[in-house]
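The following exercises concern the structure shown below. Each consists of a task and a solution in steps.

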Amino acid sequence: MASKGQILTLFGDFLKIGCFTFGGGWSIVAQMHSLYVEKRHTITGEELLDLASVAKSLPGVMITNVAMLYGHRAAGILGGFACVIGLAIPPMLILSAITFGYSMIESNPWVMAAMSGIRAAIVPIIISAAVNMIHGAFRFPPCYLIALLTFSLYLFWGVSCVWLVLIGVAAGLLISEFYERRGKGNAVH
Amino acid sequence: MLFIKLFLSFIKIGFTSFGGISMIPLITDEMLSNGWMTTEEINDIVAIAEMTPGPLGLNCATYAGLKTAGFAGAVVANLGALMPAFTLCVAAAIFFEKFKKSHRMQQILSGVRPAAIGMVAGVIVSLSLSNYFADSSLDLKGVVIGAAMLPLLLKFKVSVPKVIGLSAALGLLLYGIL
């Protein structure tokens with residue numbers, strides 16, 4: 001059984017990590033690496049990568065999934081909850097403060113001009129993130145069709161994203177089963 | 001009532017998104033269909049979420065919660081977005097060794113990833129229409145800023161916070177001074 005002190009330590013660790021989680025999931029994995037692999041030797045680098053890859057394959061926010069997996073490993077379910085909540089608190093407080101500050105100045109003409117500039121950059125930012133997603137996303141040729149299908153259903157028919165994700169789930173299972181069965185005779189893995 | 005709706009919305013978003021930017025279409029969907037936000041505010045979410053620490057998904061939850069129901073709303077929305085971590089991920093942690101070798105999740109992802117790319121592409125088109133064709137005329141200044149930022153991001157790998165800073169400066173210049 002994990003001690004109270006252990007759980008509090010985990011909570012404190014992730015509170016700290018939560019203050020510096022810029023730039024997506026891998027930045028926190030890097031922070032965890034330097035703290036737990038290099039400094040405290042509580043987990044090996046390889047095991048941490050295993051946690052990260054499982055976290056990535058689960059729905060939700062990747063880094064809170066990593067936090068749950070690590071916390072559970074270190075101190076059971078309570079440890080997992082301590083890590084996730086610790087990680088989520090700092091960004092929530094910081095962003096709340098910023099939003100509050102922003103709401104007081106948003107009608108200022110200079111702020112409005114700057115925000116118009118930023119809004120113009122959002123589409124390129126999403127495009128560049130999407131380009132990074134493409135790598136390795138199309139495992140089999142029909143996967144391109146899935147993307148085309150969800151794109152048109154989303155844009156032209158306004159189909160809810162939940163359905164589109166479910167279509168992806170079903171299509172993923174069907175297509176991989178098909179290709180794996182077909183390739184069984186001559187597959188090299 | 002609003003809190004329950006917010007919570008359920010973010011549970012839905014949490015369970016059907018797989019990391020980062022793939023959350024944007026789902027959030028756009030939920031925010032617009034509930035009338036909680038305008039397209040302009042969706043842009044602000046992305047900008048503010050990218051500029052402050054924290055994962056995009058949780059920052060979107062915080063911002064959306066704040067806008068619709070204040071700080072308590074932010075807490076509720078965050079809890080909703082964390083539900084996959086509190087449920088599925090706990091199960092994955094308990095059965096970690098089995099789960100690590102499981103092949104099913106990879107099969108599912110091979111369909112979900114392209115589906116997410118399709119949805120994100122849809123968001124790109126619809127956001128482009130609303131951002132650059134406001135009031136049914138082409139916003140030339142916006143197009144100039146957008147077109148300048150794209151190669152910086154894609155080709156010169158300038159970081160997102162820097163791009164946001166730069167576009168804010170360009171915005172001040174083009175919309176404020178000129």
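Residues are numbered from 1 along each chain as its sequence is written, and chains are lettered from A and ligands numbered from 1 in the order in which they are written. This is a predicted model, in which local features need pLDDT of at least 70 and side-chain atom pairs count only at pLDDT 80 or more, while totals for chains, interfaces and linings use all residues.

**Exercise 1.** Determine the helix and strand content of chain B.

Solution. 
1. Helices (H or I, at least four residues) and strands (E, at least two) are DSSP runs, numbered from the N terminus.
2. Chain B holds 9 helices and 0 strands.
3. Its C-alpha atoms fill a box of roughly 60 × 40 × 30 Å along the principal axes.

**Exercise 2.** Characterise the side of chain A that touches chain B.

Solution. 
1. Two residues are in contact if their C-beta atoms, placed from the backbone, lie within 7 Å.
2. On this criterion, 86 residues of chain A contact 85 residues of chain B.
3. H5(A) supplies the largest share of this side of chain A, 23 residues.
4. By class, this side has 60 nonpolar (Ala, Val, Leu, Ile, Met, Phe, Trp, Tyr, Cys and Pro), 20 polar (the others, Gly among them) and 6 charged (Asp, Glu, Lys and Arg) residues.
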